[in-house]
Amino acid sequence: LPTLTNAYLGTRLYRDILHVNGVYNGAAGDTHRADIPSPVNVRMMLPGVDGLAQTFTLNTQTGTFSHVLQSTDCAAIHQIYAHHSLVHLMAFSITIQRSALTTQPITVQLQTPFVPRSQDLDLHRGPDFQGAHYVYGQTLVPEVEGGPRPTIHMLWGPVPPSLTLGGEERERSWEFLTAVAESEEEAKRSYSQGMAMVATGSLHASHLHAWARLWQGCCVDLDGPLPLRQALYGCLFYLLSSIPPQENPGFLFHGISPGGLSNGTQGEDYWGHIFWDQDTWMFPNILLFYPEAARAILGYRLRGLEGALHNARDQGYQGAKFPWESAATGREVCPEEIYGEQEIHVTGDVLMAFEQYYCTTQDQKLFREDGGWKLVGAVAQYWCSRMVWSQEEQCYHIKGVMPPDEYHCQVDNSVYTNAVARRSLNFAADVARDFSVPVPEEWVDCAKKVKVPFDGEKKYHPEYDGYSPGEPVKQADVVLLGFPLMHPMSPEVRRNDLEMYEPVTERDGPAMTWSMFAVGWLELKEVQRAQSQLNKCFSNITEPFKIWVENSDGSGAVNFLTGMGGFLQAVLFGYTGFRITRSSLRFDPTFPDDIHRMEVTGVSYLGN
């Protein structure tokens, strides 16, 4: 079933829990999104009505889910939405319409399993407020010892067991609100504001207006196959549902997890933790259209800098090491130690997002005043401390890592890890020069001399030292050198990398993989080979609501935003050839034969 989220609240249809962005319960590797009981989990029925037809519809233009029960005499319509701009509100309405000339009362029954209890919150009942029930409570266990335990405050309008349209009435609607916040004041303010808008009939209209503005600023229109267009709009909808509302710079955003805000309870969808999925796979699409939302994502990483500094110290290194899995503090919360220790490329992935933002916006304030430069310098310092000099090869090595291909661990000189480390150091040096700050010689030396494995005879990049051609690969790894890293290489080498790794990459692996192969073939103008790779993604899309699963066999995260992000990049950076560089935003379009026209509206570059 589809998800309903905004930047703060999220749930799945007909699920008895919802989540709040940034609110976790549990220590270290056990920390997970706190389950909050959901008052919006309501089902409606029309008992005793013959010939009843029902439809379920997700309107991606308006961010509204509808369930309709229709007979020859009447219709009952249930609409539910997470308000896009008033992010502390979720709402649903029940509308009964009479379509025949009868005067019998029409009764809709409502079923709700709601019980105000949670396995993650110590909930207490407070006094009713403006007719709404009220509970509040803290999470039970902090992420780190002595750390904060957020308090959740929730108000909701009581749901009766039935609603009746009187014999003289033709149509009537009832609206029900739920307000959730981390302060009593904000919860009550949001509920009052929502109820005032209900009274004037403007609450849902304001939600529709927010979505209309969102789509006005972000439109990708294809003259091509319907399944491709539907997949594209589905990906955009679910990703846009997750970003902060426009013109709300004070909103503290807490990142996007692989399964989104609707998922992440204990044992589900990586516990709602934030990975490189956000920075590498989702962020570029958001940046292209909504740089303010992209800045809010970077703000999450900035607030986690102290945690990243702690992670580096904890492993005996300098600077900042961003966690493989992040929650509220920026400290490592991966439940399996090997990933947190070895999958260090995430630190470079985080900085690459900062670099893309810097090149696209030239937002000096973020870097000079709001902590960006401190983060850049700390990442550069980490990479330098993580490298060791090889006297034999006369270059720097990075040893004992896990590359993006998680089938291999404890390898030396992962080509992706080392290349992203070089890019981090080059970016740090560039920013230092822009700010007239002396560039540490160590940064320049390490960037210049770090080993990036290359087989000069076969003219391809081995995944790591000792990689043997033909070894199975879990997911996109070496192919990421061409995009998004834009590591310098000839077309011949780019082709060889694609041909070397395509047949050995796990066919049913993570959904974002084939998008990057598609981008590579589009760079080489091999449109049929590109399309054959992109077509593999469709096996990860479930019908009818275009929900992605992580792996094509149905396993892994559900509502897999990472896969959607990769798919969008194949269109927005593959078909168009968009590339963000230090000096320009360039493009070089390449289309398969069945795409005749493409229009991209709302691209933002240097404030334009």
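How many aromatic pairs does the count come to? The count comes to 33 aromatic pairs, where rings of Phe, Tyr and Trp (its six-membered ring) pair if their centres lie within 6.5 Å.

This is a predicted model, in which local features need pLDDT of at least 70, side-chain atom pairs count only at pLDDT 80 or more, and totals for chains, interfaces and linings use all residues. Residues are numbered from 1 along each chain as its sequence is written, and side-chain values use heavy atoms, with hydrogens and water left out.

**View 1. The pair of Tyr270 and Phe275.** The ring centres of Tyr270 and Phe275 lie 5.2 Å apart, with 70° between the planes, an edge-to-face pair (planes under 30 degrees apart count as stacked, over 60 as edge-to-face and the rest as tilted). Tyr270 is partly exposed, at a relative accessible area of 31%, whereas Phe275 is buried, at 5% (buried means under 20% relative accessible area, exposed over 50%, partly exposed in between, with a 1.4 Å probe and protein chains only).

**View 2. The pair of Phe538 and Phe567.** This pair is edge-to-face, because its ring centres are 5.8 Å apart and its planes stand at 90°. The pair links distant parts of the chain, 29 residues apart: Phe538 lies in the loop between α15 (527–535) and β21 (541–542), and Phe567 in helix α16 (residues 561–575) (helices are DSSP runs of H or I, at least four residues, and strands of E, at least two, numbered from the N terminus). Phe538 is partly exposed, at 26% relative accessible area, while Phe567 is buried, at 0%.

**View 3. An aromatic cluster.** Tyr270 and Phe275 belong to one cluster with Trp276, Trp281, Trp324 and Tyr416.
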